Amino acid sequence: MSMSLPDSVLDPPSARPDITRMVCRGAARHLRELGYAVVREMTFANGRRGDIVALSPAGELWVVEVKSGLADYRIDGKWPDYRDYCDGFLFAVAPEFPREILPEDVGLIVADAYGGELMRAPPRHPLSPARRKMLTIALARLASGRLALVEDPDGRG
């Protein structure tokens with residue numbers, strides 16, 4: 001029997017949850033303004049959980065990793081693991097984040113609680129059609145399940 005690590009080990013909670021919430025909110029708002037369908041906290045087959053997963057009108061998937069501050073970024077070595085699950089990878093950070101330390105080969109959104117701005121589009125590395133289909137279905141099922149809980153919190157399936 002294989003032992004799996006809990007989400008808290010693979011994706012430890014942010015030390016600054018208030019900043020994380022604000023950046024997530026603003027980045028998600030901005031992506032929706034660009035026409036993307038957005039879900040938060042989507043877990044992939046490798047056990048990693050994307051802070052924001054966005055599906056473009058053309059069917060491309062972006063994964064956005066939110067960083068609450070410099071310490072959060074420095075302790076995070078997991079972000080390269082997301083590249084196998086998206087057509088483009090981005091960081092989303094608060095306006096005061098030192099952007100010059102971020103790698104150049106990822107996209108960048110700067111956001112606060114009210115909105116955001118795409119400062120750098122992510123380089124494209126297209127998914128295989130089979131993986132894209134699997135991830136798109138997983139995103140739709142996740143969003144549908146969450147909507148069902150809002151519409152019918154006492155529902156039994």
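Helices (H or I, at least four residues) and strands (E, at least two) are DSSP runs, numbered from the N terminus. This is a predicted model, in which local features need pLDDT of at least 70, side-chain atom pairs count only at pLDDT 80 or more, and totals for chains, interfaces and linings use all residues. Residues are numbered from 1 along each chain as its sequence is written, and side-chain values use heavy atoms, with hydrogens and water left out.

**Exercise 1.** State how many helices and strands the protein chain has, and give their order.

Solution. The protein chain has four helices and six strands. Read from the N terminus, the order is α-α-β-β-β-α-β-β-β-α.

**Exercise 2.** Check the span of helix H2 (residues 17–33) and find what covers its buried residues.

Solution. Step 1: the expected span is 1.5 Å times one less than the number of residues. For the 17 residues of H2 this gives 24 Å, and the end C-alpha atoms are 24 Å apart, so the two agree.

Step 2: the buried residues (under 20% relative accessible area; exposed is over 50%, partly exposed in between; 1.4 Å probe, protein chains only) of H2 include Ile19, Val23, Ala27 and Leu31. Residues three or four places apart on an α-helix point the same way, because there are 3.6 residues a turn.

Step 3: the cover over these buried residues includes strands S1 (37–43), S2 (49–55), S3 (61–67), S4 (88–93), S5 (107–111) and S6 (116–120). Just after H2, Gly35 has a positive phi of about 95°.

**Exercise 3.** Describe the sheet, from strand order to pairing.

Solution. Step 1: two strands pair if DSSP finds at least two bridges between them. The six strands form an open sheet, ordered S1-S2-S3-S4-S5-S6, with mixed pairing. S1 and S6 are the edge strands, each pairing on one side only.

Step 2: S4 and S5 are parallel, with four bridges, and Ala92 stands opposite Ile109 in S5.

**Exercise 4.** Which residues of the largest nonpolar core touch the most other members, and which elements contribute to this core?

Solution. Step 1: a nonpolar core is a set of buried Ala, Val, Leu, Ile, Met, Phe, Trp, Tyr and Cys residues joined through side-chain atoms within 4.5 Å. Among the 23 residues of the largest one, Phe44, Val53 and Phe89 touch the most other members.

Step 2: S1, S2, S3, S4, S5 and helix H4 (129–151) each give two or more residues. S4 supplies the largest share, three residues.

Step 3: beyond four places in sequence, the contacts (heavy atoms within 4.5 Å) of Val53 include Val39, Phe44, Trp62 and Leu139.
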